Structure formats: structure tokens, C-alpha cells
Amino acid sequence: MNPVWTHSGVRMNRRLETDGELNWLFLPGGPGLGSESLAGLVDAVAPPGTSWLVDLPGDGSNVEPPGVGKDTFAGWPQVLLEAAEAVPNPVFVGHSTGGMYMLSTPALEAVLVGLVLISSAPDARWQSAFAAMTTENVIPEVAQATARYEAAPGNDTLGELCIAAAPWNFAEGYADDGAKLLSAMPFNDQSMRWSAENFDNTYVSGWWPRQLPTLIISGSLDRIVTQTVWDDPRFAGDHVVRRTIDGGAHFPWIEQPDAVRDAFAELPHRSIAYSGR
């Protein structure tokens, strides 16, 4: 099917349709990785309704959205609101940085009927734990790929670096599967650099759901974004479901697709009920 673009260039590709009235908007992490990285997640969980793969303007393979000028990053990340407003009963699903972008867009709270955060965080505190992990778990291939990237920054060398880091992103025994997934992705150095320069280090969530049905999915083996950041009681509540995927890492649906599907199954009835507010 042909993609749908919002007026600011957010691209929405319909991935899957099942019986149901919800619209699920899947936003990738990275940034620069592309929503193609979430196709396997959509297929694994097959939530009720229509599932869309969403790319911000300038991210992933959405490099020349129609009708958008040269500064494709001008509205990041608030242009996410356009995607939510484009469909009825939207549930936004954010992986890693994608979830952080969603939590930096307060206007979403009034539009969404559900929120899913996978391997994400409410602020930038996770970065210190990540830095310590990389020091304690050195991968020589990552150091070599980093040197090549720094000498010649670009999509190809960024991709090589991310693929080399697969053992950090995936559980033991799944690094080859992870590298295969990553090798097929449309890495985008420009969007990665925009986020590094304008978002990553200073990120603090701009809102937290007050009543919106919310699902937090954490891999027990996630070494990229420590999931202890959600232990603060302010992120709990009757409207919040938190599920830890035993044996799952930063892409927990790769190691444990059934467990992630079961976690997703807890949200639809809550969102449908909430949509009648």
C-alpha cells in the first residue's frame, strides 16, 4: 500500500490490519534506524486494529518527504502529533528513543487512547549506565567500527557500527539474529546527529499520563537503556501496566516474541474503554 504523509512529512506505512477499532502507531528507536526495525514486532504482536510503521521527516528512509523543505528536523519531535491526529483511536508505540520523543510531546495526551513504551526511559539518566556497561563489556569490533565512523561519518559507517554492537543489543545466542535484522535497516546518519546534538543528553520527559492506559515493556537483559529508571513510584498507577520480559534484551520481541505479544494483549480493552471518555 502507498504510504500516508502528514503535512510536515511524517510517513505512515500500513503494515497490518486485523479486526479492531484501534490504530497502532509504531515509532522506531535509533534515531536513524527506521521503522522497518519494528516490522517484526508488529507481526509478532498483531494487535487488534490497524498497525502503522511511522517515520519522522528525515528519519530512516523517509529522507525526502513530499512538500517539506530542507530543514526536515524543524518540527522534531512534536510533529508526532500529526500522526496521532491522522487516525481515530490512536495508540502510540515507541521503542527506545522513539518512546522518549513521545514523552517530549505533551499534546499527545489529549489525542491518544493508549501508550506503549518499549525499552525506553523518562529522562537521560540511562546514559551513564550505558557508558559503564560499554566500559565493562568491551567489543573490539565496536572500537574499530567507531574509528571508521569518526574518520568518515555516514550512513554506511553508522550501520557498520550498529551491527558491530549487536552483542550489546541482543541476548546471548541472538546476536547473529540481531545483526541480520540491523543489516537490513536504512541507517540515517543525519537524524542520529540531530538527536545527539539537540535531544539525547538533555532529554527530560515533558509529560506523564494521568489516566491514559499505558504499558511499559522492559527486557530483563536490556543493556542499552537500563529499565530501573521506571522504579520511581511516580510512574506507577492503576492506568499503568509494567511488564518485564524475562530473557528479553533491548529488542525483546526478538528473543521472546510470545511474551511481548502477551504483554500487548493487556492494553486493547483498556484503550477501547478509555476511548469512550
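Buried means under 20% relative accessible area, exposed over 50% and partly exposed in between, with a 1.4 Å probe and protein chains only. Strands (E, at least two residues) and helices (H or I, at least four) are DSSP runs numbered from the N terminus.

The model is predicted: local features need pLDDT of at least 70 and side-chain atom pairs count only at pLDDT 80 or more, while totals for chains, interfaces and linings use all residues. Residues are numbered from 1 along each chain as its sequence is written, and side-chain values use heavy atoms, leaving out hydrogens and water.

**Exercise 1.** Determine how many residues of strand β3 are buried, and which way they point.

*Solution.* Step 1: β3 covers residues 23-27, and five of its five residues are buried. Step 2: in a regular strand, side chains alternate between the two faces of the sheet. Step 3: in β3, Asn 23, Leu 25 and Leu 27 point one way, whereas Trp 24 and Phe 26 point the other way.

**Exercise 2.** Identify the strands that pair with β3.

*Solution.* Step 1: pairing requires at least two bridges found by DSSP between two strands. Step 2: β3 and β4 run parallel, joined by four bridges; Phe 26 has Leu 53 as its bridge partner in β4. Step 3: β5 (residues 90-95) is also parallel to β3, over five bridges, and Leu 25 is partnered there by Phe 92.

**Exercise 3.** Locate Thr 105 and list its contacts (heavy atoms within 4.5 Å).

*Solution.* Step 1: Thr 105 lies in the loop between α3 (97-102) and β6 (114-118). Step 2: its relative accessibility is 1%, so Thr 105 counts as buried. Step 3: leaving aside residues up to four places away in sequence, Thr 105 touches Pro 77, Gln 78, Leu 80 and Trp 207.
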